[in-house]
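Dear colleague,

Please find the structure below, together with its sequence.

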Amino acid sequence: MFLTRWGNMMTEDISLEERKVIYRARRGLKELDVYFDPYVKNCYLTADPFEKEMFAELVAQEDPDLLDWFMEVSEPPRPELREFINKLKHYVHG
């Protein structure tokens, strides 16, 4: 079996659902990757279940919607998503 390290965890410790979310977080859009990449690498695997659920819901959205939400052109459908987006923005920009 091929094992690698992800943060402070071995890849065999990562659940299938967590792997799917991590894969979906790789957008290829600089405007989104600047927020998603640091969170995935530093926070996602140790986040509480609610936060993991928020991130999974966020990465399941379409790129144009995400861009609008992050740029505050429009609002996400749920206030919890808006709060989580603000947390990601604060994490990156301080």
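**Phenylalanine 55 and its surroundings**

Not counting residues up to four places away in sequence, phenylalanine 55 touches Val21, Ala25, Phe36, Tyr39, Val40, Tyr44 and Phe84. Please note that the model is a predicted one. Phenylalanine 55 lies in helix 3, which covers residues 49-59. With a relative accessible area of 0%, phenylalanine 55 falls under the 20% limit and therefore counts as buried.

**The chain as a whole**

The chain contains five helices and two strands. Read from the N terminus, its elements follow the order β-β-α-α-α-α-α. Of its 94 residues, 35% count as buried. Among contacts in the chain with a separation of 6 or more, 52% are between residues 24 or more positions apart.

Which residues have the most contacts inside the largest nonpolar core? They are Phe36, Tyr39, Phe55, Leu58, Phe70 and Leu88, in a core of 25 residues. Helix 1, helix 2, helix 3, helix 4 and helix 5 (79-93) each give two or more residues to this core.

Helix 3 has Glu51, Lys52, Met54, Phe55, Ala56, Leu58 and Val59 as its buried residues. These buried residues pack against helix 1, helix 2, helix 4 and helix 5. At the start of helix 3, a side-chain oxygen of aspartate 48 comes to within 3.0 Å of the backbone nitrogen of phenylalanine 50.

Phenylalanine 70 is another of the core residues named above. Apart from its neighbours within four places in sequence, phenylalanine 70 is in contact with Leu32, Tyr35, Phe36, Leu58, Ile85, Leu88 and Lys89.

**Helix 2 against helix 4**

The axes of helix 2 (residues 30-42) and helix 4 (residues 63-70) come within 10 Å and cross at roughly 75°. Because angles of 65 to 115 degrees count as roughly perpendicular, this description applies to helix 2 and helix 4. Helix 2 contributes Glu31, Leu32, Tyr35 and Phe36 to the contact, and helix 4 contributes Asp63, Leu66, Leu67 and Phe70. By class, the contact has six nonpolar residues, two charged residues and no polar ones.

**Two loop residues**

Is arginine 27 buried or exposed? Its relative accessible area is 17%, so arginine 27 is buried, the limit being 20%. Arginine 27 is found in the loop between helix 1 (16-25) and helix 2. Its side chain reaches the backbone oxygen of valine 59 at 2.6 Å. Leaving aside neighbours within four places in sequence, the contacts of arginine 27 are Leu32, Asp33, Phe36, Val59, Gln61, Glu62, Asp63 and Leu66. Two of these, Leu32 and Phe36, belong to the helix 2 side of the contact with helix 4, and Asp63 and Leu66 to the helix 4 side.

Glutamate 72 is placed in the loop between helix 4 and helix 5. Because its relative accessibility is 59%, over the limit of 50%, glutamate 72 counts as exposed. Glutamate 72 has a positive phi of about 60°, although it is not a glycine. Most residues other than glycine have a negative phi.

With kind regards

Methods: Residues numbered from 1 in each chain as written. Predicted model: local features only at pLDDT ≥ 70, side-chain atom pairs only at ≥ 80, totals over all residues. Heavy atoms only, no water. Helix = DSSP H or I, 4+ residues; strand = E, 2+ residues; numbered from the N terminus. Buried < 20%, exposed > 50% of the residue type's maximum accessible area, 1.4 Å probe, protein only. Contact = heavy atoms within 4.5 Å. Axes fitted to C-alpha atoms, helices over the stretch in contact; angles between N-to-C directions. Parallel < 35°, antiparallel > 145°, perpendicular 65-115°, else oblique. Nonpolar A, V, L, I, M, F, W, Y, C, P; charged D, E, K, R; others polar. Polar contact = N/O pair within 3.5 Å; in protein donor to acceptor, adjacent residues only side chain to side chain. Core = buried A, V, L, I, M, F, W, Y, C linked by side-chain atoms within 4.5 Å.
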